[in-house]
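My notes follow in the order in which I took them.

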Amino acid sequence: MSNAVKFTTKGKITVRVHLLDENEDNATIEFAVTDTGIGIAKDKIETIFENFQQASSGTARLYGGTGLGLAIVKQLVEAQGGSISVKSKIDEGSTFSFILGFHKTKAEAEIETGMVELDTEIKNIKVLVVEDMPLNQLLMKTLLDEFGFERDIAANGTIAIEKLQTKSYDIILMDLQMPEMNGFEATEYIRNKILKFPSSP
């Protein structure tokens, strides 16, 4: 949906949910998002679900993004036993669809009503991500940017400690296995030397 909105400047976006098959215990459902956006070239469709792929060399420059979104979606769908596909034509639009199987339940769904207002203070959160893998760094940047959080990236515990000497953070997301200084060592140093938490009895 977010891609459809991003790449569609005129026309419409349609979300369709279709029951493909069902029995007493299970149901197979297809979800599809169709837009009238910029479309994808035929020679790019085969690789569009791979990491860091964009529809064209100018896509990232014009629309932003890391090219990780569809790769992450594909992994999530396939991890649940589903499949995902795309049909597209340049300047006509695209249809992304995925099929998933669901177990039926006899439980009644709870109906919730009312509007949920976003707490504006959440937007002012500063996050430090301590992670040495470039792919994971990009993933965290993408997710945190979606929430509008201010974020910094440190490739190891040593760099994280250096950043904490001059800047404070509301949240530190710490990887454990890293070169130079791992997450255990960095966390212990931060707790004892920077935050100065009292020692456990």
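Predicted model: local features only at pLDDT ≥ 70, side-chain atom pairs only at ≥ 80, totals over all residues.

Entry 1, terms for the surface. I take a patch as residues with over 30% relative accessible area and no salt bridge, where like charges are joined within 9 Å and nonpolar side chains (Val, Leu, Ile, Met, Phe, Trp, Tyr) within 5 Å. A salt bridge is a side-chain nitrogen of Lys or Arg within 4 Å of a carboxyl oxygen of Asp or Glu. Accessible areas come from the Shrake-Rupley method with a 1.4 Å probe, and for residues only the protein chains shown count as cover.

Residues are numbered from 1 along each chain as its sequence is written, and side-chain values use heavy atoms, without hydrogens or water.

Entry 3, the patch. I found a nonpolar patch on the surface made of Met 1, Val 5, Ile 13, Val 15 and Val 17, with about 450 Å² of accessible area together. Strand 1 (residues 13-22) gives the most to the patch, three residues; helices (H or I, at least four residues) and strands (E, at least two) are DSSP runs numbered from the N terminus. Ile 13 lies in strand 1 and counts as partly exposed because its relative accessibility is 32%, between the limits for buried (under 20%) and exposed (over 50%).

I looked up nonpolar cores, sets of buried Ala, Val, Leu, Ile, Met, Phe, Trp, Tyr and Cys residues joined through side-chain atoms within 4.5 Å. The largest has 11 residues, including Leu 128, Val 130, Ala 154 and Ala 160. Strand 5 (126-130), helix 6 (157-166) and helix 7 (183-194) each give two or more residues to this core, and helix 6 has the largest share, three. Another core, of eight residues, lies apart from it and includes Ile 48, Ile 84, Val 86 and Phe 96.

Is Ser 88 buried or exposed? Ser 88 is buried, with a relative accessible area of 16%, and is found in strand 3 (residues 83-89). Its side chain makes a polar contact (N or O atoms within 3.5 Å, one able to donate a hydrogen and the other to accept it; residues adjacent in sequence count only if both atoms are side-chain atoms) with the side chain of Ser 94, at 2.6 Å. A polar atom of the Ser 88 side chain also lies 2.8 Å from the backbone nitrogen of Ile 40.

Note on methods: Buried < 20%, exposed > 50% of the residue type's maximum accessible area, 1.4 Å probe, protein only.
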